[in-house]
Amino acid sequence: MADTVLFEFLHTEMVAELWAHDPDPDPGPGGQKMSLSVLEGMGFRVGQALGERLPRETLAFREELDVLKFLCKDLWVAVFQKQMDSLRTNHQGTYVLQDNSFPLLLPMASGLQYLEEAPKFLAFTCGLLRGALYTLGIESVVTASVAALPVCKFQVVIPKS
Amino acid sequence: MGRGLGGRVTSGGSRDAVPGAGPPKMAVCIAVIAKENYPLYIRSTPTENELKFHYMVHTSLDVVDEKISAMGKALVDQRELYLGLLYPTEDYKVYGYVTNSKVKFVMVVDSSNTALRDNEIRSMFRKLHNSYTDVMCNPFYNPGDRIQSRAFDNMVTSMMIQVC
């Protein structure tokens with residue numbers, strides 16, 4: 001099993017690289033959003049492939065909640081070596097996945113320091129969730145929020161068709 | 001072995017029909033259908049009957065959809081990916097398999113090939129699934145495009161020869 005830090009270092013470099021080429025020193029909303037959507041797009045493609053590869057031996061998913069449980073358990077364990085700490089839903093297409101010690105935020109701080117920088121490190125993972133959901137047949141919008149590092153919440157909204 | 005252009009319909013041609021011997025005995029067709037029900041990959045042998053196999057695969061999609069929706073309503077733990085025999089015709093038997101990502105694999109086997117057992121068909125589907133997963137993980141593959149990977153082609157060829 002590969003060392004978990006390998007992915008963490010790679011991810012950190014990805015974020016750093018995208019921000020290093022930001023020509024506008026004043027972090028205007030335009031430039032930031034481009035980089036965030038690039039990261040999200042990367043995560044999306046990776047999520048698509050993982051969504052195909054990981055559930056290979058499992059039985060067919062019967063309903064939406066099964067897919068979300070798969071994300072919280074199997075996907076999270078495969079990528080971050082731990083399960084999601086809590087999954088809540090309003091049973092109307094909105095799910096909140098909470099991770100109390102998100103591995104990508106863990107080495108940064110524990111508390112409110114670096115709170116403004118946190119979204120950059122969550123964009124890839126949001127895309128990852130959205131990509132995996134997409135492969136499994138669910139179109140969704142995934143956003144993340146941080147109240148205090150390293151606790152973060154991923155909100156998955158599945159529009160009713 | 002002939003190859004179509006850009007991964008369009010190709011035919012295996014792994015065995016030449018004996019002249020004057022009637023219809024070839026071990027014809028096989030393998031198709032990969034996307035979740036939106038368009039073909040990602042379809043290959044059949046021999047050449048002459050391509051359209052017939054396309055039509056067969058197309059009609060089998062209805063049966064696949066039936067089985068999938070039956071699976072959803074069944075309370076029994078009937079959530080297997082392998083769908084089994086979809087429908088038999090007088091010359092051919094059609095088998096199906098659906099992945100968790102709703103990608104369907106359809107395999108047409110010659111009816112006279114009675115030596116082919118259920119677990120052999122299952123293992124062929126598993127190989128197809130594994131190869132498809134590899135295609136998905138290929139960075140040069142854009143999900144939703146036709147499958148043009150040579151490795152996938154070779155795997156399908158080996159299965160068609162095996163059945164033949």
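Predicted model: local features only at pLDDT ≥ 70, side-chain atom pairs only at ≥ 80, totals over all residues.

User: How many bridges join β3(A) to β4, and which way do they run?

Analyst: Seven bridges link β3(A) with β4 of chain A, residues 151-157, and the two strands run antiparallel.

User: What's the strand order in the open sheet of chain A?

Analyst: The order is β1-β2-β4-β3 in chain A, four strands with antiparallel pairing. At the edges stand β1 (86-89) and β3 (141-148) of chain A, each with a single partner strand, so one side of each has no neighbour in the sheet. On average, neighbouring strands of this sheet are turned by 20 degrees against each other, ignoring direction.

User: What about the loop between β3 and β4 of chain A, which residue has its place there?

Analyst: Pro150(A) is in that loop. The peptide bond joining Leu149(A) and Pro150(A) is cis, with omega at about -10 degrees.

User: And where is His91(A) found?

Analyst: His91(A) is in the loop between β1 and β2 of chain A. Its phi is positive, about 60 degrees, although His91(A) is not a glycine.

User: OK, helices. Which strands does α3 of chain A lie across?

Analyst: Helix α3 (residues 64-80) of chain A lies across β1, β2 (94-99) and β4 of chain A, and runs at about 15 degrees to β2(A). Helix α4 (residues 123-135) of chain A lies across β2, β3 and β4 of that chain, at about 145 degrees to β3(A).

User: Switching topic: how much do chain A and chain B bury between them?

Analyst: About 1,900 Å², with 48% of it on carbon and sulfur atoms. Glu52(A), Arg56(A) and Arg62(A) supply 36% of the area that chain A buries against chain B, more than any other three residues. In terms of contacts, 17 residues of chain A touch 24 residues of chain B.

User: Which residues line the second largest cavity?

Analyst: Both chains contribute: Gly51(A), Glu52(A), Pro55(A) and Arg56(A), along with Thr99(B), Asn100(B), Ser101(B) and His129(B). By class, that lining has one nonpolar, five polar and two charged residues.

Conventions: Residues numbered from 1 in each chain as written. Chains lettered and ligands numbered in written order. Heavy atoms only, no water. 1 Å grid on protein atoms, 1.4 Å probe; cavity = no way out; pocket = protein on both sides within 12 Å on 5 of 7 lines; lining within 4 Å. Nonpolar A, V, L, I, M, F, W, Y, C, P; charged D, E, K, R; others polar. Pairing = 2+ DSSP bridges. Axes fitted to C-alpha atoms, helices over the stretch in contact; angles between N-to-C directions. Contact = heavy atoms within 4.5 Å. Buried area = accessible area lost by both parts, 1.4 Å probe.
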